[in-house]
Amino acid sequence: MAENVNDWLNEHGDYLYRFALARLRDQHQAEDAVQETMLAAIKNNTFKGQSSARTWLTGILKHKIIDAQRKYIREQPVSDITDLAANGTSMDDFFDDKGHWLEKPQAWGKPDNTLQQDQFMAVLGTCIDKLPKKLAALFMMREIQEHENEIICKELDITPTNAWVMLYRARMSLRKCLEINWVKD
Amino acid sequence: MLTCKQTSELISQSLDKPQTWKTRFDLKLHLMMCKACQQYAKQMHTIKSNIFKLRESIQSDESITLSEEAKKRMIDKLNQK
């Protein structure tokens, strides 16, 4: 059995790591998720060979990624997830008291070649990583892992309204960050 | 008539759940007349499509691998079981 797992790790470890890193954006969390996946694979070997080992392991990994994010969000300081949602309802940074934009959103230069595309994505990545951690985790669950809100609410034990408000807050912060940092040459 | 603040919030919400006919109508009406919110809607779209590309670019980048230390740590851990 252990041999089997060593083989899996050698054959699929890098793939699983990239899969996790693309969704968690954190090296240590991604490594832990791969390790948890391997441990679960040994403990509960339901692999029947009907699908490929990679598909089977990726299925386990998806759950481990949610576990990692739930754990991560719960470990954040007591400034409760609902506080963030409450703060999110005041959008004073962006609108005046009549609900007009303080600074109107500007047209972004469209990245129109591969280099610019890569630069845009790099700025986007930096901007995601700059979000308050809980917002970032929630945003990644929604936008990078493409989970439905129902799943997110269930996993994080928040209400749909909290989730919408936090996602709104995250998107508003992101677009502001991109507007400041993405300057097309 | 929606304000820009309400419009931006509803555009964000419409990325997460289907909106009523009435809301979609109100949004359309506001967007028809408001350049700033049109721009905002475009930005939301750009963010969404690039997040997908960002994910794919990491996932398909074969130069990203588990470090040797991480691999060794895992093998030690797994062989304890």
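What should the 23 residues of helix H3 (residues 53-75) of chain A span at 1.5 Å a residue, and how far apart are its end C-alpha atoms? The model is predicted, so to set the ground rules: local features need pLDDT of at least 70, side-chain atom pairs count only at pLDDT 80 or more, and totals for chains, interfaces and linings use all residues. Residues are numbered from 1 along each chain as its sequence is written, while chains are lettered from A and ligands numbered from 1 in the order in which they are written.

**Stop 1: helix H3 of chain A**

Select residues 53-75 of chain A. The helix should span 33 Å, and its end C-alpha atoms are 32 Å apart, which agrees. The expected span is 1.5 Å times one less than the number of residues. Helices (H or I, at least four residues) and strands (E, at least two) are DSSP runs, numbered from the N terminus.

Now colour the buried residues of H3(A): Leu57(A), Ile60(A), Leu61(A), Lys64(A), Ile65(A), Ala68(A) and Gln69(A). A residue is buried if 20 or more other C-beta atoms lie within 10 Å of its own, exposed if 12 or fewer, and partly exposed in between; C-beta atoms are placed from the backbone.

**Stop 2: two loops of chain A**

Go to Glu146(A), in the loop between H6 and helix H7 (149-156) of chain A. Its phi is near 55°, a positive value in a residue other than glycine. Most residues other than glycine have a negative phi. Is Glu146(A) buried or exposed? Glu146(A) is exposed, with 11 other C-beta atoms within 10 Å.

Next, select Asp157(A), in the loop between H7 and H8 of chain A. Phi is positive here too, near 60°. Asp157(A) counts as exposed, with 11 C-beta neighbours inside 10 Å.

**Stop 3: where the chains meet**

Show both chains. 43 residues of chain A are in contact with 37 residues of chain B. Contact means that C-beta atoms, placed from the backbone, lie within 7 Å. On the chain A side, the elements that give two or more residues are helix H1 (2-24), helix H2 (27-43), helix H5 (114-130), helix H6 (133-144) and helix H8 (160-181). H1(A) gives the most, with twelve residues.

**Stop 4: chain B**

Chain B has four helices and zero strands. Its C-alpha atoms fill a box of roughly 65 × 25 × 20 Å, taken along the principal axes. Buried residues make up 22% of its 81 residues.

Notes: Two residues are in contact if their C-beta atoms, placed from the backbone, lie within 7 Å.
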